[in-house]
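I am opening a notebook on a structure I have not seen before. My entries below follow what I looked up, in order.

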Amino acid sequence: MKTRGASIAACLTITTLLVASCSSGGGSEDGADGGPVTLKFQSLSDQPAAIEATEKIVADWNEANPDVQVEIVPAGWDGIYDKLITQFNGGAAPDIIHYEAASIVPFAVDGYLADLSEYMSDEKRADIPEGILDSVTVDDQVIAYPTELQSYMVFANKTMLEAAGVEVPTGDTMTWDELREIAKATTKDGAYGLGWGLASPTAAFMAMAPGFGGQYFEGTGADASITIGEGEMALPELVDEMAHTDNTVLPVTLTQSGSETLASFYAGQVAMTIQGSFQAANIANDAPEGFDWVVLPPLEGPDGAEQAANPQTLSVNIDSEHVEESAEFIEFFTDTENLAALNEADALIPATTSAQEAMASSLGDENGWSTILSSGQYLTSAPYLFVDAYAQWKDTVATPAYQKFLAQEIDADQLATELEAGWDEITK
């Protein structure tokens, strides 16, 4: 790994450093009277059910481990990256850090996170699918335990599909060609076959690119290069064809968020919608009474049904006085029962096979969860996780370029050129 703080420190200002020096509370504490070790766990859980599940896991640990007590330090997702920069550089980072793979990797590269390889049990390692474990492995070091994930799934109005004479797909996977044909069949009487909230399209396009052989990046860190070829362009071009040739995508949804698009789904304006899998819980709660919906099988491209994994994570501050104890807590936190309970509360997919199976057993096919959980086996490592300039490229180049393409302001060749040229401008 690089010298401590080589890239992250560049983000700091004198003001930030001053704030860091005055920051309160950070790592572990030992009682002055020889009492228990206290580990600070900075948790980002912000949904009531997930907060409750997290608190129960911590309470169970504390009851069973009187000599090592864990204290939850609540923190929201907003602004957490900058907060962590301040905490690490001010020596105030907590022992246990909740985040996500895409954002925690830079801290690992700069030497702020402990290598957990020796602490991860053989059973745990075998329980985490290879592609998911790869997403938290940097320079052969396991820098986090993965906990929760999402996939992109197709939610369908079963009544509209059946009225159009469409047989609801029930296989292990469903091809994009099948989706396209269903969208054509259900586009009639003023309704559209598909609504897809693509106001911020980069995440979805990159997550689903592996099914078309798309990788985007080769290499890691500052040495990564970008390639926009057939595999990377396949999905944006397919969406363009469905929207502007087939006319099966409700136009306004291309400028909406996923949550905004759900209103059209509930109103019967679209027969299907592609959403993050977590939306199953929201649809179950918010759909009109009598709304008959179903989750369709995971989408499969020419190269399979793989989607890029960006799990939520638990890492350990390398400067913690109790790295081993922190790792032991994370082992406990991610055991089968705990991880299944947390993901059920958060409506997400557990990062371990055993927890996926436990959650499937608990929920059955209620609200499509057996189908959603089956998509977990297709989650794979995402090259962009290990690319230094990815976040900047995504926000300043890729998202506006994709938005222009979906609005037909540029064509496919211009899109590819903008994506590659924008990368070169940022990195050279």
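Entry 1. Helices here are DSSP runs of at least four residues, numbered from the N terminus. I keep in mind that this is a predicted model. With that numbering I placed Gln408 in the loop between helix 17 (390-406) and helix 18 (412-427). Gln408 has a positive phi of about 60°, yet it is not a glycine.

Entry 2. I looked up another positive phi. Asn247, also not a glycine, has a phi of about 55°. I found Asn247 in the loop between helix 10 and helix 11 (258-266). Asn247 counts as partly exposed, at 43% relative accessibility.

Entry 3. Next I turned to salt bridges. I noted 6 of them in the structure. Asp246 forms one with Arg180, and their closest N and O atoms are 2.6 Å apart. This pair links distant parts of the chain, 66 residues apart: Asp246 lies in the loop between helix 10 and helix 11, and Arg180 in helix 8 (residues 176-186). I checked both for cover. Asp246 counts as buried at 18% relative accessibility. Arg180 is buried too, at 17%.

Entry 4. I compared a pair within one helix. Lys56 and Asp60 meet in a salt bridge of 2.8 Å, N to O. They are 4 residues apart in helix 2 (residues 48-64), so about one helical turn separates them. Asp60 is partly exposed, with a relative accessible area of 28%.

Entry 5. I also looked up Asp424 and Lys428, whose side chains meet in a salt bridge at 3.9 Å, N to O. Asp424 counts as partly exposed at 33%, and Lys428 as exposed at 81%. Then I looked for shared partners. Arg180, Glu241 and Asp246 are joined into one network by such salt bridges.

Entry 6. Which strands pair with strand 4? Strand 2 (residues 37-43) runs parallel to strand 4, joined by 2 bridges. There, Gln42 stands opposite Ile97. Strand 18 (residues 312-316) pairs with strand 4 in the antiparallel sense over 5 bridges. Here Glu100 has Gln312 as its bridge partner. Strand 4 (residues 96-100) is largely enclosed by the rest of the structure, because 4 of its 5 residues are buried.

Entry 7. Last, I looked at surface charge. Glu230, Glu237, Asp411 and Asp413 gather in a patch of negative charge. Glu237 belongs to helix 10 (residues 230-244). Glu237 is partly exposed, at 31% relative accessible area.

Definitions and conventions. Residues are numbered from 1 along each chain as its sequence is written. This is a predicted model: local features need pLDDT of at least 70, side-chain atom pairs count only at pLDDT 80 or more; totals for chains, interfaces and linings use all residues. Side-chain values use heavy atoms; hydrogens and water are left out. Patches are made of residues with over 30% relative accessible area and no salt bridge: like charges are joined within 9 Å, nonpolar side chains (Val, Leu, Ile, Met, Phe, Trp, Tyr) within 5 Å. Accessible areas come from the Shrake-Rupley method with a 1.4 Å probe; for residues, only the protein chains shown count as cover. A salt bridge is a side-chain nitrogen of Lys or Arg within 4 Å of a carboxyl oxygen of Asp or Glu. Lys and Arg count as positive and Asp and Glu as negative; His and the chain ends are not counted. The place of a charge is taken as NZ of Lys, CZ of Arg, CG of Asp or CD of Glu. Buried means under 20% relative accessible area, exposed over 50%, partly exposed in between (1.4 Å probe, protein chains only). Two strands pair if DSSP finds at least two bridges between them.
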